[in-house]
Amino acid sequence: MPTGLLNGALLGLLAVVSALSLLIVGNRLVRRHRQRRRERIVAPVRGPLLQLLCAEEDEQTELLHRLAEIDRRTWIALEPTLTALLGKVAGGARTALVRLYELRGAAVDAVADLSSRSAARRGRAAQVLGQLRHRPAAPSLCRLLADHDPEVRLAAARAQLPAHIQARHARHPDVEQCQVDRVLTRGPERRHPVLHGRDLVTALGQFERHQIPDVRVVVGYQDMSHYSSCDSRDSWARERR
Amino acid sequence: MAALRAARENTVDLALLDIRMPGMSGLDVCRELRAAARTATLPVIMITARSQEADVEVGFAAGADDYIIKPFSPRELSSRVTAVLNRVER
């Protein structure tokens, strides 16, 4: 091979590696900058939020109104933290967070976002509505089971699991999430969000005898599209367990 | 890693560790804390979504003083922190 060609190839390779390195470093810097900016914006409301989570019921009202009135920029920066907290806290703290979302009108915004052109926004909206257990959104979430984006389908399916299964699902992340992801993400891309036909029969055969009852329920949900209301799905889940 | 460094360089009353953390797991951090003389007796509470008996046993075997399962009540967490700190003071 001529030396000139070899040198050119090496220089080209070096340029590609350098460009990729710069891209990775740049991406990390931007991400870190955004994270710090978000922390800076959220800092003044972290205290009241923690107070709200630990407050007695009669002490919550003032804190709730204070947090519900924060400006849009702060709310956008705070929302990922709130969404994460919804899945982590229980009892009065969870109730307070749900009330905060209601006061802010964020559930209504999330329902609107289910029709967004952005897959990320649709998925995030499904996640929020599922964690809020927002029943009026159930029909819209059912439609998202046929979304063209597999991540959105997954978020929509998880959002429709009954509360007690969502909680247990969160407690067995390594086992159950693996099972849910495995079944849901194998569905054909276009119409059917989940397994069907022979694949579904095979999957059910594999999982119906699973040692964790909730896995059996979760897997059974793949065939639940004909159940239109949450109540009928809940009763179906109870029967199955 | 930053939390471990902070615990080694500063005076800390108690460590709250999630098992799933970026970099090092809470279990590894707990073992590291127990292995170092300066932090060997530091009270540690684990917070995790793992609720099976074996997971809890692993948490306590790593040296945790208490184990809280998500979803948890922040008020319960506060009570447990107080209880662990009171035990240490005695």
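A contact, as the word is used here, means heavy atoms within 4.5 Å. The structure is a predicted model, in which local features need pLDDT of at least 70 and side-chain atom pairs count only at pLDDT 80 or more, while totals for chains, interfaces and linings use all residues. Residues are numbered from 1 along each chain as its sequence is written, chains are lettered from A in the order in which they are written, and side-chain values use heavy atoms, leaving out hydrogens and water.

Let us start with chain B. Among its contacts between residues at least 6 apart in sequence, 49% join residues at least 24 apart. Chain B has 4 helices and 3 strands, arranged from the N terminus as α-β-α-β-α-β-α; helices (H or I, at least four residues) and strands (E, at least two) are DSSP runs. Of the 90 residues of chain B, 39% count as buried, that is, under 20% relative accessible area with a 1.4 Å probe and protein chains only.

Next come the nonpolar cores. In soluble globular proteins, nonpolar side chains tend to be buried together. A nonpolar core is a set of buried Ala, Val, Leu, Ile, Met, Phe, Trp, Tyr and Cys residues joined through side-chain atoms within 4.5 Å. The largest one has 51 residues, of which Leu82(A), Leu97(A) and Tyr101(A) touch the most other members. Leaving aside residues up to four places away in sequence, Leu82(A) touches Leu49(A), Trp75(A), Leu97(A), Leu100(A) and Tyr101(A). A second, separate core of 17 residues includes Leu17(B), Leu27(B), Val29(B) and Ala62(B).

Note on methods: Buried < 20%, exposed > 50% of the residue type's maximum accessible area, 1.4 Å probe, protein only.
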